[in-house]
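Colleague: I would like to learn how to read a structure like this one. Could we take it feature by feature?

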Amino acid sequence: MSRALSPRRASREIARRLALCAALPLAACSDRNSPVGPLASGTASPIVTISSPKSDRLATIEREGTRDVLYVQNADGTNRTRVSFRNVQDHVVGNQSLPVTDETILAMRRAKWSPDGQSLAVIVVPAAGTAQVVLVSADGRTLRTVSPNSQYLYGDVEWSTDSHRIAYAMSTGPFALSPDLFVTDLGPDHVTRVTISGKVGPFDTFRFDPTGQRINYTERLGFADDGTNGLFRLASADLSTGTIAVRKDTLLGEPQ
């Protein structure tokens, strides 16, 4: 059982977490999310552009005034539609009634197309201290929440190769602490907590194997003696049995 933080340490931790959260939209602009096609003439520069692996569809998260907005379009800029967050469905057991609308969304952090190109997973922040994964259909008309909505999410989302599952890291404690790995089986939208270590956070990577029945991931242990390189260990979880295998050796640097 982890010890409670003192008020001073809790304040420092909250400040650090808020600084990290503020930096996450910028971190989303990685090479893998760089533009691959032109935007419609006269549009604002997007925060991030995500290309579909199966079609010429693009999704862009853009800043309009004080809000992040989501567009879907063809790579040549045609058939451009702003996604309206209205009537977002939510069938995840245990989720609180939390409005997810254009007016309530504070930020959109990350987005990733499914391997079949039929859905876009977007991490949205509908209220302070929470985030959730919303699936958007390729035409931008159908939306539903597929993750718990009472905690904060870290880093990216990851799809299984058959587009039937999605994985994400989510905090399990107060002050956005104790992040663990979760998987949602899409369709029934059944959520499974994969790890209970509280150590799978924003610096870690996770990937499904080709069958979608196992997920490999890293756990950041801290820093090496030089204080600059991260220290990680590798682990693998069997989603059918819940069995986790952890390698004893450690990795230095930034595993991908």
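Colleague: What is the order of the strands in the open sheet of five strands?

Modeller: As a general idea, strands of a sheet pair through backbone hydrogen bonds, either parallel or antiparallel. In this predicted model, the open sheet runs in the order β5-β9-β8-β7-β6, and its pairing is mixed. β5 (89-90) and β6 (107-113) are the edge strands, each pairing on one side only.

Colleague: In what sense do β6 and β7 pair, and over how many bridges?

Modeller: The pairing of β6 and β7 is antiparallel, over five bridges.

Colleague: Which strands pair with β11?

Modeller: Strand β10 (residues 153-159) pairs with β11 in the antiparallel sense, over four bridges. E158 has A167 of β11 as its bridge partner. Strand β12 (residues 179-185) also pairs with β11 in the antiparallel sense, over seven bridges. There, I166 stands opposite T184 of β12.

Colleague: How many residues of β11 are buried?

Modeller: Seven of the seven residues in strand β11 (residues 165-171) are buried.

Colleague: Which residues have the most contacts inside the largest nonpolar core?

Modeller: The general idea is that in soluble globular proteins, nonpolar side chains tend to be buried together. Here the largest nonpolar core has 32 residues, and V133, I166, Y168, L181 and I215 have the most contacts inside it. At least two residues of this core come from each of β7 (119-125), β8 (132-137), β10, β11, β12, β14 (206-208), β15 (214-223) and β16 (230-238). β11 supplies the largest share of this core, five residues. Another core, of 21 residues, lies apart from it; I105, L120, V124 and L143 are among its members.

Colleague: What does V133 touch, leaving out residues up to four places away in sequence?

Modeller: With those left out, the contacts of V133 include A121, V122, I123, S147, L153, V157, I166 and Y168. S147 is in the loop between β9 (143-145) and β10.

Colleague: Is S147 buried or exposed?

Modeller: S147 counts as buried, because its relative accessibility is 0% and the cut-off for buried is under 20%. The side chain of S147 reaches the backbone nitrogen of V133 at 2.9 Å. Leaving out residues up to four places away in sequence, S147 also touches V92, N95, Q132, L153, Y168 and T184.

Colleague: Where is S163, and what is its phi?

Modeller: First the general idea: most residues other than glycine have a negative phi. S163 is not a glycine, yet its phi is positive, about 65°. S163 is found in the loop between β10 and β11, and the hairpin of these strands has five residues between them. With a relative accessible area of 10%, S163 is buried.

Colleague: Where does S178 lie, and what is its phi?

Modeller: S178 lies in the loop between β11 and β12. Phi of S178 is near 55°, again a positive value in a residue other than glycine. S178 is partly exposed, because its relative accessible area is 30%, and partly exposed covers the range between under 20% for buried and over 50% for exposed.

Terms used:
Residues are numbered from 1 along each chain as its sequence is written. This is a predicted model: local features need pLDDT of at least 70, side-chain atom pairs count only at pLDDT 80 or more; totals for chains, interfaces and linings use all residues. Side-chain values use heavy atoms; hydrogens and water are left out. Buried means under 20% relative accessible area, exposed over 50%, partly exposed in between (1.4 Å probe, protein chains only). Two strands pair if DSSP finds at least two bridges between them. A nonpolar core is a set of buried Ala, Val, Leu, Ile, Met, Phe, Trp, Tyr and Cys residues joined through side-chain atoms within 4.5 Å. Contact means heavy atoms within 4.5 Å. A polar contact is a pair of N or O atoms within 3.5 Å; within protein, one must be able to donate a hydrogen and the other to accept it, and residues adjacent in sequence count only if both atoms are side-chain atoms.
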